Amino acid sequence: MIEIVATPSPAMIQDLGRVGYQKFGVPVSGVMDEVSARLANYLVGNPDNYPVIEFTVGGLILKFHSSSVFAVTGEAEVILNDYPLEPWKSYWAKRGDVLKVRLRKGMYGYIAFAGGIECPRILGSCSTYMRAKFGRPLKPGDRLSLGYAILTGKAGKSIPREFIPNLWGDKTVRVVLGPNIEHFTAQGIRTFLSSEYEVTPESDRMGYRLEGPKIEHSERGAGIVTEPIPLGAVQVPANGKPIIMLADRQTTGGYSKIATIIRADIPKVAQTRPGEKLKFRPISIQKAIEDLRRREITMKALRKALNDEWFLYRIKVVGKEFLAFSGGCRP
Amino acid sequence: MLTIRLLGNSGVLISFGEVIDEEINKRIHAIAQAIEKDKPGWLIEVVPAYSSLAIYYDPTLITHKEVISYVSGLKFNVEDVKGRKIEIPVAYGGEFGPDIEFVAEHNGLTVDDVIEIHSKPLYRVYFLGFLPGFAYLGGMDERIATPRLEKPRTKVPAGSVGIAGKQTGWYAIESPGGWRIIGRTPLRTFNPERVPPSIVLPGDYVKFVPIDEKEFWEIYREEWGND
């Protein structure tokens, strides 16, 4: 069991979301940065979809009431009993230990525990969705039971530095244009693709509101007949300022959408702080699919390597170092 | 005319144009039902709206081209979309409908007229969207159309039935909102512990049935317990 000691900024339980209920008007929710959250789970030997704690800039303090293996991901400062540890690594904590985390960069960090966190499932998911009171943010005094981990000896794993996602540097994100492209003028589309847009403080898990050059609508205007809203949709209301629709987005909406951010770049968007700027670059759908497939192959290899199913080698080929994975027996 | 558009690299949008039309909406639900019945392995979920349908898929298993050709080859039957008639009891006015007098005055009617006009039609559920259990209903009589509140309320209780422009419907969960509230249903119209979680489904027909305060609390206790 763990106990929440302090929540300097909002923190909540999330998994990969409430999938399959959008047709009832239920938002998907789930972690904002899928890559960092999944890697946190891999580090402690959990499957992808186990619930994790999602924390924000100011961080979180918690106390272990039983020993457990945990990992923190995100550009986080990790302190166990005043002793600095590293993110992207798994550690063992014993009863009475106090863990303090906060972010150096980005918006979201994740803590995973071996065996996951026990929490009531609503429509198949532990994800907190505040508007419908599906769960609530964590508060001091909350006690969370941890799930049963088959192997408790998973501490000491780490994500090789080459595989720590770079979500904090370059902020160019790739988009597939549409679906409501005819609601914009050619000039409006050029403005969108050639300008920088700043994330404003009015941003939250539902959407990031951007400030920047006004995007011009065509004579069809900003409104459409209400239609479904995908993750990463870039909505442009009548004021011409884009809004990126994220995890807690409504399932349908009536504003025209100029583009959709490809799934592989959603974590990069999520990790952008208010005041930081995003740039949009169009990408072909073929390239977008290839890219996501490549990412998923790497994620799978990492999961297997961290679970000791596959092995990770560092090899040198003509003086250059490479990492290689292999299944099968230990050499 | 049917068009297929890309929703990034994990979804496609099937659209019959920007129209609100019962026959087109039936076609959308027929396609959605056919896909859900078929349950292809790459499918994540389908989301129907008025005249469009999103198909979200796993792009590591299938490409958008394959999804599009799957949809083109799909057999569906509009006759399969059969709506039920659902009666929604509503206590109009008083503490349940603080804006009913405004709606009446705005349209030059009496409160009783508003109740009669509002509870007469059989409303069609076009789809559920926006918020959990929120039903987009078609068919409100324009004689009771009323603009939204200038300043939305911060808290509207679950079950509140309201009017916004030419639309009517109820708040399935407690939320902030700017609709003119004319009544409230004691039914728990959205309950995540039930399968399906929503009392109405797309294609259903809704009839509002006026009830009095006593009946409201009787049904309310049955639905929500004593809390």
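Over residues 2–200 of chain B, the chain is 21% helix and 30% strand, and its end C-alpha atoms lie 27 Å apart. UniProt lists this stretch, residues 2–200 of chain B, as "domain: Carboxyltransferase", in an unreviewed entry. The model is predicted. It holds one cavity of 30 Å³ or more.

**Helix H5 of chain B**

- Helix H5(B) covers residues 213–224, which makes 12 residues.
- From first C-alpha to last, H5(B) reaches 16 Å. That is close to the 16 Å expected at 1.5 Å a residue.
- Asp212(B) caps the N-terminal end of H5(B). One of the side-chain oxygens of Asp212(B) lies 3.2 Å from the backbone nitrogen of Lys214(B).
- Gly225(B) follows H5(B). The phi of Gly225(B) is positive, near 80°.

**The largest cavity**

- The volume of the largest cavity is about 30 Å³.
- From chain A, the lining takes in Val225(A), Thr226(A) and Glu227(A).
- From chain B come Ser15(B), Gly17(B), Glu18(B), Ser51(B) and Ser52(B).
- Strand S15 of chain A, residues 223–228, gives the largest share of the lining, with three residues.
- By residue class, the lining divides into five polar, two charged and one nonpolar.
- Among the lining residues are Glu227(A) and Glu18(B), one from each of the chains A and B.

Notes. Residues are numbered from 1 along each chain as its sequence is written. Chains are lettered from A and ligands numbered from 1 in the order in which they are written. This is a predicted model: local features need pLDDT of at least 70, side-chain atom pairs count only at pLDDT 80 or more; totals for chains, interfaces and linings use all residues. Side-chain values use heavy atoms; hydrogens and water are left out. On a 1 Å grid over the protein atoms alone, a cavity is a set of points where a 1.4 Å probe fits but cannot get out, and a pocket is an open set with protein on both sides within 12 Å along at least five of seven lines; lining residues have an atom within 4 Å of a point. Grid points are joined across faces, edges and corners, and a volume is the space filled by probe spheres set on the points. Helices (H or I, at least four residues) and strands (E, at least two) are DSSP runs, numbered from the N terminus. Ala, Val, Leu, Ile, Met, Phe, Trp, Tyr, Cys and Pro count as nonpolar, Asp, Glu, Lys and Arg as charged, and the others, Gly among them, as polar. UniProt positions are given in the numbering used here, feature names are shortened, and annotations may be inferred rather than shown by experiment. The expected span of a helix is 1.5 Å times one less than its number of residues. A polar contact is a pair of N or O atoms within 3.5 Å; within protein, one must be able to donate a hydrogen and the other to accept it, and residues adjacent in sequence count only if both atoms are side-chain atoms.
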